[in-house]
Amino acid sequence: MSAAGGDGDTNPLTVFQRVSSRPVHGDSPAGHQVPPARSGHRCVADNTNLYVFGGYNPDYDHPLFRELWRYHFATGRWRQIQTEGFMPRELASMSAVLHGNNLLVFGGTGIPFGENSGNDVHVCNLKYKRWSLLDCHGKKPNRIYGQAMVIINGLLYVFGGTTGYIYSTDLHRLDLTTREWIHLKPNNRPDDFPEERYRHEIAQDGGRIYILGGGTSWTSFPLDKIHAYNLETNSWEEITTKPHDKIGYPAPRRCHSCVQIRNDVFICGGYDGEMILADLWKINLQTFQWVKLPAAMPEPAYFHCAAVTPAGCMYIHGGVVNIQENRRTDSLFKIWLVVPSLLEHCWEKVLKAFPHFPSLSSRQLLNLGLTQELIERLR
């Protein structure tokens, strides 16, 4: 789950656009110009790049992708990032968040699923392209995958997940300053806890953590009610959401994607146990009103990933698009979830009209009137 600021009211532009990569020679040692089709991967975004990590595709001799890719918005090009240090080997259904210049990755599984899972926090400094292992102490979570996590005020919260056999309702917190894990014990009776689950998503408003969807191998949880963990009272609450006035609630789902812009949370796609979904919904964390947006993914997908830029543009990559054929995609789509600011609108037009801009020197760009911030987005 990714969070963003962004200018303007949330007013979707209702159109998903397929993003095509411009050709680049020598993108990766394997010769790929785009990341191969995959599922179970994760992505994060900043103003300049979309970063895609890990993933799985059984059609390959080496079905787990131990690699980090970057899609550069200004040039429209993918590039596999060559990093130093120890990259995680748990490459499916891990959790990933962006914290400053650092990509934090926790948990995940190798193959066979559930038999090679992790519970370490790996950190990749995206500026220096180096991985390191966060040296933590305290009560670590079990080795799990399919969990969800979020950072609030320097504290990393991890909820749920599975060992491959047992589904969890555990909630852990890692202080990123002291690096101490704590297994939180909410002040509720066991029957007031959320159901055990994996492949759910998380939203937060600073005071509560909201659990959205998820399920097990045989069920997907509905969204008419949402469990929320209250940070102040250390307790779970159940919130009844408000349906769309004509079509009701979003379908139950797991393996969906979720991004957040201030108090608006957007969920997209997923699997309800019978069919792959392509819908896009919004819920506000103050009113808890569900709104179905008129946009739909060009192809239904689950086990895909999504991230939103600070300006409010969501990118969706990969996923399983055909259950019978077990087929995955390498497609990349984007949609503005807010009306883009005049700056962002003009920036997209300029880059389309002058694709050679990234090849100019900083002095040339300054002479053309570009700000230092925009120049950095070209690099």
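**Exercise 1.** Find which residues lie nearest the centre of the largest pocket, and work out which element gives the largest share of its lining.

*Solution.* Start with the centre: of the 29 residues that line the largest pocket, Q17, F73, Y315, K334 and E348 lie nearest to it. Here a pocket is an open set of points on a 1 Å grid over the protein atoms alone, with protein on both sides within 12 Å along at least five of seven lines, and lining residues have an atom within 4 Å of a point. This is a predicted model, where local features need pLDDT of at least 70, side-chain atom pairs count only at pLDDT 80 or more, and totals for chains, interfaces and linings use all residues. Residues are numbered from 1 along each chain as its sequence is written, and side-chain values use heavy atoms, with hydrogens and water left out.

Next, the elements: β2 (17–18), β25 (313–317), β28 (332–336) and α1 (342–353) each give at least two lining residues. The largest share, seven residues, belongs to α1. (Helices, H or I with at least four residues, and strands, E with at least two, are DSSP runs numbered from the N terminus.)

Finally, the space: the largest pocket holds about 810 Å³, a volume being the space filled by probe spheres set on the points, which are joined across faces, edges and corners.

**Exercise 2.** Describe the second largest pocket by its volume and its central residues.

*Solution.* First, its volume is about 360 Å³. Then look to its centre: among the 15 lining residues, D46, N49, Y51, N101 and K127 are the closest.

Technical notes
On a 1 Å grid over the protein atoms alone, a cavity is a set of points where a 1.4 Å probe fits but cannot get out, and a pocket is an open set with protein on both sides within 12 Å along at least five of seven lines; lining residues have an atom within 4 Å of a point.
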